[in-house]
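User: I would like to learn how to read a protein model, one feature at a time. Can we go through one together?

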Amino acid sequence: MNGALHGVRVIDLTRVWAGPHATRMLADMGAEVIHVTSRKLVGPLTVTRETARILGVYPDDEPGERHWNRNSQTNDLTRNKYDITLELDTPEGLSLLRRLIAISDVVVENYSPRVMPKFGLDYPRLQALNPRIILCSMPGYGSQGPHRSFISYGTNVDPAAGLASLMGYPGEAPHMSGNAYPDPVAGLFAVGAVLTALYHQRRTGQGQHIDLSQAEATTALLGEVSLGTRLNGVVPPRMGNRHPRQAPHGCYPCRGDDTWVAIAVRSDDEWHAFTRVLGPAAWCAEARFATLSGRLQHHDELDRHIADWAVKQDAYHVMHTLQNAGVPAGVVVNAEELVNDPHLRARHFFWDIDHPEAGMLRYAGQPVRLSSTPTRLYRSAPCLGQHNDQVLGELLGLSADELATLREKGVIGDHPLPR
Amino acid sequence: MTAALQGIRVLDLSRYVAGAYCAKLLAAFGAEVIKVEPPGTGDPARAVGPFLHNRPDPETSALFLYLNTGKQGLTLNLKHPQGRDILKALVRHTDVLVENFAPRVMPALGLDYATLRAINPRLIMVSISSFGQNGPYRDYKTNAMISYALGGYMYLNGHPQRPPLCGGGRQPAYQGGLHGYSGAAAALMAREQGGQGQHVDISIQECMASIHQFTINRYVYVGRIQKRLGNRYQRAHPITIYPCKDGLISLAVSTQEQYERLLALTSLTALLDDARFATPFACSEHAASFDERLAPWLQAHGKHDIVHRCQESRIPAAFVNDVVEVMDDPQYQFRGFWHDLDHPVAGRQTYAGFPFHMTATPPVLQRACLLGEHTHDILTARLGSTHDQLADWRAQGVI
């Protein structure tokens, strides 16, 4: 069965997370995604076992002979893609890339805005090669403007975009996300924009340039908060785990080490259901907790009572018992619990993917589920340069001799190069 | 300039955030989006606020105004058989239907995908829910915090000795909306080839579980459980928020080169001779001691000075903005991210736009619909309903 993007060819020049996350979704949807990398950008030539232990990205902390093929982030993000290497600072490498772009639908890149023009790959020149081409650029702050050349990562776009200002313990500083959240946000907006541009291209033959700002992508997902400040003049304070209109609303310790359950009582009905679960506890019947305003006012006492109750319980037991009574509750799952989550497993969310140098390992699957053109695993993550011969030979018609010459000159290869 | 989704007709049955954001994006690209709301109260987002001057009004809720830009307003009571018949008649000429009810609701209304598809085989239906359309937690209830918790995000946020922290805003629901948009657009692409519609099933829990950088991979690859670290990031340091002379700044020093440039800028290069501070990775294990050494320089400099001096030295520094400061940020202003929109009740206000410039099919932002604003026009134009019919339906509470 063909995927939704069968017949779409994407040249993927992206690195790190935001860009690769975007092109991975396109690949999961069945697009032919060709990841093109310079071997000078793969990273260090060798990784010591001590560094491997700190990084925690190689199977069993063992970097192996070719660590670049065993890196978890690489293998997670390149599934379903083809991988080729090209050195763009050689005339041959640049020319081959231009020939690939000429026969593709989409180019995605997340370099700083200086890089593509430097290689003569700005949009007007790409369009001269291929009028149908869609170029998606996704730098941290956009390709134009006073901060266009700022170096950025998802980790510090988070505070710049206003997101960190909304997370934190009450009265304390803005708090960063533990997960470089702006990276996937930018990636997901890029997918949306690219799919829209593809739909337009299929109907009109016209390509276009998409210039996406990672910072704006994050701020767009706070739009109701910024508009709210305009409407009532109030900048929302950091509330920890509390909620302005729901109580109790918090995160409570359960039995075991660093084990927590989140509980949100959204209405008086849910409060009554909650008290029925807690059963004979006398404090539940106190009049001051009977109304939302009372519960909000006495939230500290409420938290102490709930914590005293929860800390003796198993977190999953609390979640299931409350949910069965109609009260929103969820275990604060850690990595192990997430990977073993019975619901995610029942829906076959995780994909077990074999890799020639990393082995059979489990990865997050694709949350966009399409009933008749399902997203799925087409091929495991490639090794560095694994498809050099296939892509350059079959798509561009290079002969075995030409490929050998390119390999000799170092234009293509399967090992990293010093920077 | 043309609209990418010109001619695409959308029914948006969603409540609150997830489906509404998906349909907002469809509207931005030129689809004709009808927001279907229950008569009387409308989308419950209208009751949430914050409101203009703090006075509750279904037409001045920031949550509704932001999430429903560019849509037309139709009221329709789906609990009334006549309301469902009208919806089915509209489905006949609809390309995409977006809904984010609890998974039991649409089948209970007799509006499951199989039924709607029988009416219109080209229909694409996007269902966004907390846990997806099947599985043991299907009917469990959530809000933003519960979705953060069960998506594995909350465990990573906060101080190691204190409770995990809920993230800011309504990110899990927005994730559902963003993924839903990609599903809708992919299904439109597939329909160009196969001619048929399909059902898109988005689980917000899966969306959150799919946007982890290290959490899952590290557990699977090396068996380690990622813990929360306080206000900093994993592996390398300094990736954190610091106080400075006149506020806060953030650094995201991720490579050896950036780290050495930071030490040079702050006259701390001697630290490189100390094994604890020789690399950003080693530094990560001695973060508190490092912070003490960097603090005097930070306290001696203002945030603009620090961010610009760092960036001139190719060190990734950034401002720490609250949601108002972002509105004044010169980079956002240069790119025209903020838009002033007039609204008949809420007045002229500033809205966040879309994060991409597109040369051929730019997204367009237009104000949100009033409750039932286009009911008359939609039903007469689409279904040829007569004045008497509309009066009848209005009297019965159908519209």
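User: Which residues does A:Ser137 touch, leaving aside those up to four places away in sequence?

Analyst: First, a caution: this is a predicted model. Leaving aside residues up to four places away in sequence, A:Ser137 touches A:Glu109, A:Ser143, A:His209, A:Ile210, A:Asp211 and A:Leu212. The residue belongs to strand 5 (residues 134-137) of chain A.

User: Is A:Ser137 buried or exposed?

Analyst: Burial is judged by relative accessible area, and buried means under 20%. A:Ser137 has 3% relative accessibility, so it counts as buried.

User: How do I read chain A as a whole?

Analyst: Begin with the overall counts. Chain A has 18 helices and 12 strands. Its C-alpha trace spans about 85 × 50 × 45 Å along the principal axes. Of its 419 residues, 63% count as buried. Among contacts in chain A with a separation of 6 or more, 69% are between residues 24 or more positions apart.

User: Why is helix 10 of chain A described as largely enclosed?

Analyst: For a helix, count the buried residues. Helix 10 (residues 223-232) of chain A has 9 of its 10 residues buried, so it is largely enclosed by the rest of the structure. The buried residues include A:Gly223, A:Glu224 and A:Asn232.

User: What covers the buried residues of that helix?

Analyst: The cover comes from both chains. It includes helix 9 (214-220) of chain A, and from chain B helix 2 (62-67), helix 7 (171-194), helix 14 (323-328), strand 10 (338-341) and strand 11 (349-352). Just after helix 10 of chain A, A:Gly233 has a positive phi of about 75°.

User: Which residue of chain B makes a side-chain polar contact with A:Glu224?

Analyst: The partner is B:Arg170, and the side chains of the two residues are joined by a polar contact of 2.9 Å. B:Arg170 lies in the loop between helix 6 (144-150) and helix 7 of chain B. Its relative accessible area is 23%, so B:Arg170 is partly exposed. Not counting residues up to four places away in sequence, B:Arg170 also touches A:Arg245, B:Val17, B:Val48 and B:Leu63.

User: How should I read a strand, such as strand 6 of chain B?

Analyst: Look at burial, at the directions of the side chains, and at the partners. All 5 of the 5 residues of strand 6 (residues 199-203) of chain B are buried, so the strand is largely enclosed by the rest of the structure. B:His199, B:Asp201 and B:Ser203 point one way, while B:Val200 and B:Ile202 point the other way.

User: Which strands are joined to strand 6 of chain B by bridges?

Analyst: One is strand 12 (residues 369-370) of chain A, which runs antiparallel to strand 6 of chain B and is joined to it by 2 bridges. In that pairing, A:Leu370 stands opposite B:Val200. Another is strand 5 (residues 124-129) of chain B, joined to strand 6 of chain B by 5 bridges and running parallel to it. There, B:Met125 stands opposite B:His199.

User: What is the place of B:Glu37, and is it buried or exposed?

Analyst: B:Glu37 is in strand 2 (residues 32-37) of chain B. It has a relative accessible area of 0%, so it is buried. Its side chain makes a polar contact of 2.7 Å with the side chain of B:Arg46.

User: What should I check in the backbone?

Analyst: Check phi and the peptide bonds, because most residues other than glycine have a negative phi, and most peptide bonds are trans. A:Asn80 is not a glycine, yet it has a positive phi of about 70°. A:Ala180 is not a glycine either, and its phi is positive at about 45°. For the peptide bonds, a cis bond joins B:Gly49 and B:Pro50, with omega about 0°. The bond from B:His237 to B:Pro238 is cis, with omega near 0°.

User: How many cavities of 30 Å³ or more does the structure hold, and what lines the largest?

Analyst: The structure holds 7 such cavities.

Definitions and conventions. Residues are numbered from 1 along each chain as its sequence is written. Chains are lettered from A and ligands numbered from 1 in the order in which they are written. This is a predicted model: local features need pLDDT of at least 70, side-chain atom pairs count only at pLDDT 80 or more; totals for chains, interfaces and linings use all residues. Side-chain values use heavy atoms; hydrogens and water are left out. Helices (H or I, at least four residues) and strands (E, at least two) are DSSP runs, numbered from the N terminus. Buried means under 20% relative accessible area, exposed over 50%, partly exposed in between (1.4 Å probe, protein chains only). A polar contact is a pair of N or O atoms within 3.5 Å; within protein, one must be able to donate a hydrogen and the other to accept it, and residues adjacent in sequence count only if both atoms are side-chain atoms. On a 1 Å grid over the protein atoms alone, a cavity is a set of points where a 1.4 Å probe fits but cannot get out, and a pocket is an open set with protein on both sides within 12 Å along at least five of seven lines; lining residues have an atom within 4 Å of a point. Grid points are joined across faces, edges and corners, and a volume is the space filled by probe spheres set on the points. Two strands pair if DSSP finds at least two bridges between them. Contact means heavy atoms within 4.5 Å.
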